[in-house]
Each structure stands twice: as C-alpha cells, then as structure tokens.
Amino acid sequence: MSILYSLGFLILAAAPLVWYQAALGKRISEEERKAGRDLTGEINPWTGGR
C-alpha cells in the first residue's frame, strides 16, 4: 500500500511541472510562429517572452 501512496504523490507532484513545460512550449511556439523564425537565443526560457 505504501508504494501506491508514493506513486500517487509522485504523480501529483510531477503533474504541475509537466503542465508548466507544455504551456511554456506552446507559448514559445506561438511566439516563433508570429516572428516567422527561430527565436532560440532570444526568448527568456522562464517566461516564454522576449
């Protein structure tokens, strides 16, 4: 039973991190689409904006 609690806690702890990375990737992709070029070295990785 303890392993189930550990697994559940791990999933609950990781879910927001996965959600954040997906949302950030979506925002960066949108910024690059608007700019029409790759903005790898220009975008702030913490905010997804310039």
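The protein exposes about 4,400 Å², and carbon and sulfur atoms supply 67% of that area; accessible areas come from the Shrake-Rupley method with a 1.4 Å probe, and for residues only the protein chains shown count as cover. This is a predicted model, in which local features need pLDDT of at least 70 and side-chain atom pairs count only at pLDDT 80 or more, while totals for chains, interfaces and linings use all residues. Residues are numbered from 1 along each chain as its sequence is written, and side-chain values use heavy atoms, with hydrogens and water left out.

**Burial**
- Buried residues make up 12% of the 50 residues in the protein (buried means under 20% relative accessible area, exposed over 50%, partly exposed in between).

**Helix α1**
- Helix α1 covers residues 2-35, and its 34 residues reach 50 Å from first C-alpha to last, close to the 50 Å expected at 1.5 Å a residue (1.5 Å times one less than the number of residues).
- A kink of about 30° lies at A14, shortly before the proline P16 (the bend is the angle between axes fitted to the seven residues ending at a residue and the seven starting there).
- After α1 comes G36, with a positive phi near 75°.

- L4, found in helix α1, counts as exposed because its relative accessibility is 54%.
- I28 also lies in α1 and is partly exposed, at 22% relative accessible area.
- Ten residues separate I28 and D38 in sequence, and their C-alpha atoms are 9.7 Å apart in space.

Conventions. Helix = DSSP H or I, 4+ residues; strand = E, 2+ residues; numbered from the N terminus. Buried < 20%, exposed > 50% of the residue type's maximum accessible area, 1.4 Å probe, protein only.
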